[in-house]
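Below is a short briefing on salt bridges, nonpolar cores and cavities. Look through the structure first, then read the points by topic.

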Amino acid sequence: MEFRVWAPAARRVVLHSGTETIPMTGDGQWWTAEDPGAGHGTDYGFALDDDERVLPDPRSRWQPGGVHGRSRVYEHDRFAWGDAGWTGRQLAGSVLYELHVGTFTPSGTFDGAIERLPYLRELGIDLVELLPVNAFNGEYNWGYDGVGWHAVQESYGGPDGLKRFIDAAHREGLGVVIDAVYNHFGPSGAYPPQFGPYLSTGANTWGRSLNLDEADSGEVRRCIIDSALQWLRDYHADGLRLDAVHALVDRGATHLLEELAAEVDALACAVGRPLSLIAESDLNDAKLVTAREAGGYGLQAQWDDDVHHALHAMLTGERQGYYGDFGSPECFAKVWQEAFFHAGTWSSFRRRVHGRPIDRARIPGHRFVVCLQNHDQVGNRATGDRLTATLSPGLLRVGATLLLTSPFTPMLFMGEEFAARTPWQFFTSHPEPALAAAVGKGRREEFAAHGWPPGDVPDPQDPETFVRSHLDWAALDQDVLALYRRLIALRKTLPGLSDPRLDRVHVIHDDGVLVVRRGSRTVVANLTQVPRTVPLRAERVIFATDDAVVLQSDLLTLPAESAAIL
């Protein structure tokens with residue numbers, strides 16, 4: 001078989017394939033060599049110039065010995081797929097479920113997660129979103145420290161394990177979205193920059209930025225796009241969640257995201273099923289989800305943190321940090337009707353004007369993925385506490401009702417649907433002592449600036465931090481689970497509750513009561529600790545979070561901290 005590697009600055013490259021050592025031939029950019037005896041399962045790597053170290057392939061598909069070990073040849077066509085009848089899942093109308101493979105089940109593997117797929121189907125989920133599964137340093141990690149863009153984490157089950165999971169999901173009628181991180185490399189095992197100019201002269205929150213627009217950036221862009229296409233084509237994934245795209249600095253005429261979207265659309269035509277790209281972006285700019293014909297990038301959706309912040313701050317009363325501008329009923333009304341709160345307006349957290357308005361008549365709400373909880377909003381709290389540690393049972397039910405009757409695409413965070421009380425904390429397993437110490441120190445200093453005593457911040461490297469973050473399925477609250485199932489079922493059977501047209505959403509509020517009109521349906525929430533009576537014309541109550549909700553003579557009486565759908 002032929003081996004290829006991009007190493008434009010190298011003077012000499014040697015292939016180490018199995019027990020063979022073979023000098024490679026270069027053309028100034030790419031180096032090639034043939035090893036007739038190599039094939040699926042062959043371990044290999046490359047030595048550059050006078051360095052005797054054998055480095056893994058920057059485009060490795062398989063790292064069975066971890067990110068520092070040799071790569072292993074992996075042939076995609078050896079896997080026997082059973083999803084020939086799968087026609088895909090479009091994002092519009094779907095409900096997403098975000099999970100971390102390593103803490104979703106006791107085994108922390110793809111095979112363990114497969115056992116829970118029937119549960120997710122019965123819940124009413126359409127798309128399962130996996131936190132990053134590409135190769136990272138150590139045995140467990142959130143996944144955002146990944147360095148192998150083309151390889152699957154071995155401790156989860158490796159490439160065959162991911163294929164088994166996606167194949168099983170499709171047979172259950174569930175699509176799969178993979179969280180892909182292309183804005184930085186993790187702090188350990190990032191060997192690609194030794195082969196070529198993968199990094200730019202700039203930096204972002206996590207270190208050096210990727211080289212998307214400087215000299216020799218073309219092959220870096222190609223590597224990213226090929227990685228994305230691999231997940232969708234070779235692993236049969238139905239979409240990608242693109243991490244922190246605001247950190248993708250690209251001053252070229254065609255932004256990387258636009259180029260990627262065009263290639264993914266072409267692939268969708270070839271495979272005959274919808275493929276979705278979902279951007280995590282804090283830019284509050286609908287250009288990302290505007291069609292390319294209209295001058296946008298043409299992505300299918302973007303995360304909308306303003307919706308989360310509006311809900312969280314309103315329900316919890318928290319106002320620290322970026323919650324400072326959120327929490328009022330006026331804020332809730334604005335985001336429910338216009339998607340963004342900061343839309344060319346002042347952001348006190350950023351200390352500048354932020355975002356731009358969207359065209360409510362042109363941009364549908366399903367292009368915004370929203371949540372009540374997610375990995376960031378739980379895990380980046382000092383102790384990783386969920387809303388179950390903060391909110392009353394009544395307000396938890398109110399929050400779920402508002403989320404699942406919104407005009408947006410709702411996403412649940414694993415365990416939210418059964419009122420999980422296990423925390424989800426920041427954990428790492430870096431084997432390098434210096435790096436491990438630096439990560440823990442950085443975490444303590446980050447939260448000390450917000451007033452948290454260092455002793456209250458869990459040590460990311462402590463194995464117990466990882467253990468504590470596993471879901472406790474034995475503590476499943478059947479009543480809360482039944483509520484989520486019912487809400488999702490109503491969303492799927494009553495068109496008014498899934499209608500994405502933002503110009504048909506109308507919110508009024510008074511004295512702690514929210515009234516959200518969605519065409520022929522109305523959602524009412526009492527956020528106060530006392531009963532409220534609301535004059536409201538409706539035929540009947542379709543759903544209520546409290547049995548004491550009463551509709552009589554055009555008057556709706558809501559107990560404290562309750563909600564209803566009419």
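Glu172 is partly exposed, with a relative accessible area of 24%; buried means under 20%, exposed over 50%, and partly exposed in between, using a 1.4 Å probe and protein chains only. Arg121, at 39% relative accessibility, is also partly exposed. This is a predicted model, in which local features need pLDDT of at least 70 and side-chain atom pairs count only at pLDDT 80 or more, while totals for chains, interfaces and linings use all residues. Residues are numbered from 1 along each chain as its sequence is written, and side-chain values use heavy atoms, with hydrogens and water left out.

**Salt bridges**

- The whole structure has 29 salt bridges, each one a side-chain nitrogen of Lys or Arg within 4 Å of a carboxyl oxygen of Asp or Glu.
- Glu172 and Arg121 form a salt bridge through their side chains, at 2.6 Å from N to O.
- Glu172 sits in the loop between helix 4 (158-171) and strand 12 (175-180), and Arg121 in helix 3 (residues 117-123), so this pair ties together parts 51 residues apart in sequence. Helices (H or I, at least four residues) and strands (E, at least two) are DSSP runs, numbered from the N terminus.
- A salt bridge of 3.0 Å, N to O, joins the side chains of Arg241 and Glu280.
- Arg241 belongs to strand 15 (residues 239-242) and Glu280 to the loop between strand 16 (276-279) and strand 17 (301-303), so the pair ties together parts 39 residues apart in sequence.
- Both Arg241 and Glu280 are buried.
- Asp499 and Arg501 meet in a salt bridge of 2.8 Å, N to O. Asp499 is buried, at 15% relative accessible area, whereas Arg501 is partly exposed, at 39%.

**Nonpolar cores**

- In soluble globular proteins, nonpolar side chains tend to be buried together.
- The largest nonpolar core here has 139 residues. Such a core is a set of buried Ala, Val, Leu, Ile, Met, Phe, Trp, Tyr and Cys residues joined through side-chain atoms within 4.5 Å.
- Helix 6 (residues 218-233) gives the most to this core, with eight residues.
- The residues with the most contacts inside the largest core include Tyr97, Leu120 and Trp336.
- Leaving aside residues up to four places away in sequence, Trp336 touches residues including Val307, Leu402, Phe408 and Val516; contact means heavy atoms within 4.5 Å.

**Cavities**

- The whole structure has seven cavities of 30 Å³ or more. On a 1 Å grid over the protein atoms alone, a cavity is a set of points where a 1.4 Å probe fits but cannot get out, and lining residues have an atom within 4 Å of a point.
- The largest cavity holds about 100 Å³ of space; a volume is the space filled by probe spheres set on the points, which are joined across faces, edges and corners.
- Among the residues lining the largest cavity are Pro56, Asp57, Val147 and Tyr191.
- The lining of the largest cavity divides into seven nonpolar, four polar and one charged. Ala, Val, Leu, Ile, Met, Phe, Trp, Tyr, Cys and Pro count as nonpolar, Asp, Glu, Lys and Arg as charged, and the others, Gly among them, as polar.
- The second largest cavity has a volume of about 60 Å³, and its lining has three nonpolar, five polar and three charged residues.

Technical notes: On a 1 Å grid over the protein atoms alone, a cavity is a set of points where a 1.4 Å probe fits but cannot get out, and a pocket is an open set with protein on both sides within 12 Å along at least five of seven lines; lining residues have an atom within 4 Å of a point.
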